[in-house]
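Subject: Structure for your files, with notes

Hello,

Here is the structure you are taking over. My notes follow below it.

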Amino acid sequence: MWEFHGGVHPNGYKNLSANKSIVPANIPPFLILPLLQHIGEPTEPVVHIGDKVLKGQIIAHCHAYNCRKLMTVPLHASSSGTVVAIEERAVPHPSGLTAPCIIIETDGKDTWTNLIPLDDYANLSPSMVRDYIARAGIVGLGGAGFPAHIKLRPDGIDTLIINGSECEPYITCDDRLMREKPHDIIAGVRIIKHALGGTERCIIAVEDNKPEAYAALLKAADQEIEVIKIKTIYPTGGELQLINVLTGIEIKRGQLPAKFGIVVHNVETARATYRAVQLGQPLVSRIITVTGGAIENPQNLEVLFGTPIRFLIDQCGRKSEIERLIVGGAMMGFSLPDDNMPVIKTTNCLIASIGERIKDKPPQMPCIRCGSCSDVCPLNLLPQQLYWYAKAKDLKKIHDYKLFDCIECGCCSYVCPSNIPLVSYYRYAKAEIRKSENEQKKAEVAKQRHEFRLFRLQREKDERKARHKVADKNKQDKIKAALARVKEKRAAT
Ligand code: SF4
Ligand code: SF4
């Protein structure tokens, strides 16, 4: 076992929901399904308003040729019903952005489409299993929503890591899944191994604050799968930090773990893979922790994608007015402007807060240069310098100090005795840099277009001149020929 630099031990607040078994959420009257719920190419609807759909039926996919090779997955109806609209709706994003969505009015029957499992997957080629996983719409359920089949290409992978270290405060869905469905996870891990063409090592990493989950997986695993207990420290669940802890390899931002023969999948992705391949069920739901001080009955719910957040919160009960609604964990999640948005594939936790914080924070004070932020940064960055340059809007310097290596884990903000919201400054600076780069690109394109216009005008002028020259020459030739004919005629007369 290795240790990465920094890290913190924030208040967990996991006890609110850690002992609540997973229960299915109610089926809402309407499902709002954004066409893009993963990183990569968007999908386009293949249904129309008025169409009847069954649970698990493909309702949108990428129209590009052989989209299973692309960074995309199809979208399935998460329950049976009727398509009533295809329109822009607000989606879970900090900006409150709208995006095209398919709206299904559910019929309450939740009738599955015809499911075709791959019973005999072990005798099929890894590429066939990968294609099947792609068609099931599976994306990484631990974070960003990277299409899972892209991370299942063998490409020299010898170590498969299954991430069961749920290090963010409040979130307990993976913990409950490991405790309650260890056999599903192990079955999924075997399928992932097969799709990768077999790996030398397969490790499931569980933090040592989840003893029941560790014991359940250990009991379910066979000799080919190592279940390892790792130290509880935030952000050990980050992909690069987990690889560092388990293998000692330090992967720089921008490098792919696959380059080092490693691939990381989340425990719920493994379970989704099992359900897709062995039960034939595409990805239409996931487990979500609904928690926070404003929730009457915090729970871990199996939720259909497209379920409105307001509907879920109503199911758990409201204890008081929600002050802040956060999607994701308390450290890396983001606030939503309202609860009128749907749950999507990357939603793992909803925190309805009444102002309780992972640390009681008085107002922001000036930086005292204590250096605590550098001590805890898992990427070994200099958060204080990043803060100064972000504040001074010195975008060049902040770039030089590797701002884009920052994973926005929030450790620096958490320990800052002056309560400076450092991550907000970094997010602002990143947005400014991206804006300025876009403007530069636009200016470059405009310059190229202007230069091309000048070139085209000159070319047209030259061509006109050349045409006139030819026309003049032809005219002169004709006059000469006419004069010659007159001269010949006179001579003949
Ligand atoms: S922890 Fe806060 S006060 Fe201390 S150096 Fe960093 S930014 Fe300044
Ligand atoms: S938010 Fe960024 S700068 Fe702060 S500790 Fe995390 S990685 Fe380091």
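Which residue of S12 is the bridge partner of Ile-162? The bridge partner of Ile-162 in S12 is His-265.

Before the rest, some conventions. This is a predicted model, in which local features need pLDDT of at least 70 and side-chain atom pairs count only at pLDDT 80 or more, while totals for chains, interfaces and linings use all residues. Residues are numbered from 1 along each chain as its sequence is written, and chains are lettered from A and ligands numbered from 1 in the order in which they are written.

Strand S9

Strand S9 covers residues 159-164; helices (H or I, at least four residues) and strands (E, at least two) are DSSP runs, numbered from the N terminus.

Two strands pair if DSSP finds at least two bridges between them. On the S10 side, Gly-164 has Val-206 as its bridge partner.

Core and domains

Ile-161 is among the residues with the most contacts inside the largest nonpolar core, together with Ile-133, Leu-312 and Leu-350. That core has 126 residues; a nonpolar core is a set of buried Ala, Val, Leu, Ile, Met, Phe, Trp, Tyr and Cys residues joined through C-beta atoms within 7 Å. It draws at least three residues from each of domain 1 and domain 2. Leaving out residues up to four places away in sequence, Ile-161 touches Ile-203, Ala-205, Leu-242, Ile-243, Leu-246, Ile-262 and Val-264.

Domain 1 is 14-26 + 113-327 and domain 2 is 372-432, with bounds from an automatic or database domain assignment. Their C-alpha centres lie 29 Å apart. In domain 1, 5 residues are in contact with 6 residues of domain 2, contact being C-beta atoms, placed from the backbone, within 7 Å. The domain 1 side of this contact has 2 nonpolar, 2 polar and 1 charged residues. Here Ala, Val, Leu, Ile, Met, Phe, Trp, Tyr, Cys and Pro count as nonpolar, Asp, Glu, Lys and Arg as charged, and the others, Gly among them, as polar.

The two ligands

Ligand 1 is surrounded by 14 residues, the closest being Cys-367, Cys-370, Cys-373, Gln-384 and Cys-416; a residue is near a molecule if its C-beta atom, placed from the backbone, lies within 6 Å of it. Helix H8 (372-376) and helix H9 (383-391) give two or more residues to this shell, and H9 gives the most, with 3 residues. By class, the shell around ligand 1 has 9 nonpolar, 4 polar and 1 charged.

Around ligand 2 there are 15 residues, and the closest are Cys-377, Cys-406, Cys-409, Cys-411 and Cys-412. Helices H11 (411-415) and H12 (422-492) each supply at least two residues of that shell. The shell around ligand 2 divides into 13 nonpolar, 1 polar and 1 charged.

Glu-44

Glu-44 lies in strand S3 (residues 44-45). Glu-44 counts as partly exposed because it has 13 C-beta neighbours inside 10 Å.

Regards

Note on methods: A residue is buried if 20 or more other C-beta atoms lie within 10 Å of its own, exposed if 12 or fewer, and partly exposed in between; C-beta atoms are placed from the backbone. Two residues are in contact if their C-beta atoms, placed from the backbone, lie within 7 Å.
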